[in-house]
Amino acid sequence: MENQFFVDSEYLSPAALEKKHRLETDPSSRKNHMEYMPGMEQIESDVCKNVMTQVESYDYSRYTARDVKAALEHETCTVEDFKALLSPAAEPFLEQMAQRARLETSKHFGNTVYLFTPLYIANYCENYCVYCGFNCYNHINRMKLNMEQIEHEMKVIADSGMEEILILTGESRSKSDVTYIGEACKLARKYFRMVGLEIYPVNTDEYHYLHECGADYVTVFQETYDTDKYETLHLLGHKRVWPYRFDAQERALRAGMRGVAFSALLGLSDFRKDALASAMHVYYLQRKYPQAEMSLSCPRLRPIINNDKINPLDVGEKQLCQVLCAYRIFLPYVGITVSSRESAKFRNGIVKIAATKVSAGVSTGIGDHESKYTGKETDGEQGDEQFEISDSRSFADMYRDIAEEGLQPVLNDYLYV
Amino acid sequence: MDNDKLVIGGHEFHSRFILGSGKYSMKLIEAAIRDAGAEIITLAVRRANTKQQESILDYIPKGVTLLPNTSGARTAEEAVRIARLARELGCGDFVKIEIMRDSKYLLPDNQETIRATEILAKEGFVVMPYMYPDLNVARDLANAGAATIMPLASPIGSNKGLASKEFIQILIDEIDLPIIVDAGIGRPSQACEAMEMGAAAIMANTALATAGDLPMMAQAFRQAIEAGRKAYLSGLGRVLTRGASASDPLTGFLRD
């Protein structure tokens, strides 16, 4: 059973609908997704080739229980061991994997769990990514906050106690240009200790500018490393160019960012291969940029406005837990973030095993923090959400729940130097 | 033993256990002070850089010396900036320099550490550099004005013990500064062994933080460190390598 992603809006003009349908049904009407568009910087790097060689040769059906047991016995988890841990043969060993993962997490991170919140400042988007609520053909309330509104949102969030923020936009260079995002970073530096970005991929000089504005962590989700599948999901816009997106983290590191975050969106393609690719992306970049901090997320597909049927298919909570444990055992030093896409129950469990960072007080909408945080009705306009969240706990609730689990909530462990 | 003091930058301490900063919790600090007798507590400046900072600083009892570290620094310049910030935050003049350009093993960068030591010692800091045990580097650090040398025993957080034992022994033998073994000490017996070798003090964190009974492990470290220190001061007896040995196997012929 595949997800049915195509939804027609009655608000689209006949011409727009016609173009949308052509993109959906006629592959020849779509741009070559492996070809750079004008203005996109191309860097020399062997990371992509290395990652894809591993992924292409990965046949997870050939791993057995013996390989999994051997992997769990090894002190250092090799690439081969990691492949075994990701395979179906490892599913019966989930508890043993969790035990080992917990040990590795405690060695590197103790019992700490970091808290952050995302702030969406605009939801305009020029891409047609069929599974995303912000896609340009989806009829939603569009909005871009001005600096005054951004500062208001930041104050509300900072007052809740949060010290780390992740600034997000839809992918529209024309509506949310780099300078606009840079100004938002400068404001964020006033209210938060740590400022991260999750925006459209940009060139090295632009990452450098954003770093100078106060951002120090760049998150780019590759969505899927399966280029053929990627082509069928990202039909229009800059995001369609797969290799430019792949090199985003490397450009960010070259520009001086302290850390970068990676992820595939599980449920889009073969999740085992995508999980392998995400981890190998981290692995090879870490060897090349050993000073960088790296983190992984593991989001699964969620329902969006106008399409509530979207789901993560064969990636159940058990499979997700397996992937996260395998990540932790293979890459004990990386941060692992689990977002509010997952349920409170799952997040409470996974922070005790492998996750080191969770979001709280989350809204994926635009300009609605005051109403969501205080219940106060505002006259102000609000922009619609990117996807439905599952865990809606506030900052205070999350802080309390983590502490009650015997873990230590940490709001900041970071200095901008 | 009462007169056996650890002197760092002109300050005297009786305890030879220093709490590291890696796994930070109030329970750990409490056990380190009460049960391990720690008089020096490390605090990562980046971790203290929070709105909760006052509660963290308030928690350190008077009489306990705060040792801010520069973790997160990737260059000498960044370490210097973090050290100055620590001073501004009211953390005093002690600073432990940690400079890592490696996020996987967190191994210290010796060259950058020498540069930072030189700058900060000139600014009046009591500089305690974390380093990979290399004799030439240790000499450079001493010449740059370091107050102690802090070689790693094994990778930080690994609890693997004295993997670099031979090289730490060389530092103890050759450097006229207190050698404080930092990172990788996982068991009280390893702490004891380092103290027997002549180390001036032990810094540990993970070994306590990940123990089943934190206060009891803290006590065990205190006793192990004291035992090792006494053994060192008393002069270790000879160790027979294999079987018994004749009293003068080679020079017996010189006996009258």
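## A184 of chain A

In this predicted model, A184(A) is in contact with I121(A), I150(A) and I167(A), leaving aside its neighbours within four places in sequence. A184(A) is part of helix 7 of chain A. It counts as buried because it has 29 C-beta neighbours inside 10 Å, where 20 or more are needed. From A184(A) to K288(A) the distance is 31 Å, C-alpha to C-alpha, and the two are 104 residues apart in sequence.

One of the partners of A184(A), I167(A), has its own set of contacts. Not counting residues up to four places away in sequence, I167(A) touches L119(A), I121(A), I181(A), A184(A), C185(A), A188(A), V195(A) and L197(A).

## The largest nonpolar core

I167(A) also belongs to the largest nonpolar core, which has 209 residues. The residues with the most contacts inside this core are I167(A), A279(A) and L324(A) in chain A, together with I202(B) and F221(B) in chain B.

## Helices 6 and 7 of chain A

Two packed helices are described by the angle between their axes and the distance between the axes. For helix 6 (residues 147-159) and helix 7 (residues 178-191) of chain A, the angle is about 30° and the axes are 10 Å apart. Helix 6 of chain A is therefore roughly parallel to helix 7 of chain A, since angles under 35 degrees count as such. Helix 6 of chain A passes helix 7 of chain A in a right-handed crossing.

On the side of helix 6 of chain A, the contact is made by M147(A), I150(A), E151(A), M154(A), K155(A) and A158(A). Helix 7 of chain A contributes E183(A), A184(A), L187(A), A188(A) and Y191(A). Which classes do the residues of the contact of helix 6 of chain A with helix 7 of chain A divide into? There are 8 nonpolar and 3 charged residues, and no polar ones.

## Helices 3 and 4 of chain A

Helix 3 (residues 65-73) and helix 4 (residues 79-86) of chain A have axes that come within 8 Å and cross at roughly 125°. This angle makes helix 3 of chain A oblique to helix 4 of chain A. The crossing of helix 3 of chain A with helix 4 of chain A is left-handed.

D67(A), V68(A) and A71(A) of helix 3 of chain A make the contact with D81(A), A84(A) and L85(A) of helix 4 of chain A. By class, 4 residues in this contact of helix 3 with helix 4 of chain A are nonpolar, none is polar and 2 are charged.

## Helices 8 and 10 of chain B

In chain B, the axes of helix 8 (residues 188-197) and helix 10 (residues 214-234) come within 7 Å and cross at roughly 25°. Helix 8 of chain B is therefore roughly parallel to helix 10 of chain B. Their crossing is right-handed.

Helix 8 of chain B meets helix 10 of chain B through P188(B), S189(B), A191(B), C192(B), E193(B), A194(B), M195(B) and E196(B). Facing them in helix 10 of chain B are A220(B), F221(B), A224(B), I225(B), A227(B), G228(B), R229(B), A231(B) and Y232(B). The contact of helix 8 with helix 10 of chain B has 12 nonpolar, 2 polar and 3 charged residues. F221(B), in this contact, is also among the residues with the most contacts inside the largest nonpolar core.

## A264 and E223 of chain A

A264(A) lies in strand 7 (residues 259-264) of chain A and is buried, with 28 other C-beta atoms within 10 Å. Not counting residues up to four places away in sequence, A264(A) touches Q222(A), E223(A), T224(A), Y225(A), D274(A), A275(A), A277(A) and S278(A).

E223(A), one of the residues touched by A264(A), is in strand 5 (residues 217-223) of chain A. Although E223(A) is not a glycine, it has a positive phi of about 70°. E223(A) counts as buried, with 24 C-beta neighbours inside 10 Å.

## L106 of chain B

L106(B) also has a positive phi, near 55°, and is a residue other than glycine. L106(B) is found in the loop between strand 6 (94-97) and helix 5 (110-122) of chain B. Is L106(B) buried or exposed? L106(B) counts as buried, because it has 20 C-beta neighbours inside 10 Å.

## Where the chains touch

The contact between the chains takes 21 residues from chain A and 24 residues from chain B. On the side of chain A that touches chain B, the elements giving two or more residues are helix 5 (94-109) and strand 8 (293-297) of chain A. Helix 5 of chain A gives the most, with 3 residues. The residues on this side of chain A divide into 8 nonpolar, 8 polar and 5 charged.

Methods. Residues numbered from 1 in each chain as written. Chains lettered and ligands numbered in written order. Predicted model: local features only at pLDDT ≥ 70, side-chain atom pairs only at ≥ 80, totals over all residues. Contact = placed C-beta atoms within 7 Å. Helix = DSSP H or I, 4+ residues; strand = E, 2+ residues; numbered from the N terminus. Nonpolar A, V, L, I, M, F, W, Y, C, P; charged D, E, K, R; others polar. Core = buried A, V, L, I, M, F, W, Y, C linked by C-beta atoms within 7 Å. Buried ≥ 20, exposed ≤ 12 C-beta atoms within 10 Å, placed from the backbone. Axes fitted to C-alpha atoms, helices over the stretch in contact; angles between N-to-C directions. Parallel < 35°, antiparallel > 145°, perpendicular 65-115°, else oblique. Left-handed = near helix turned anticlockwise from the far one by under 90°.
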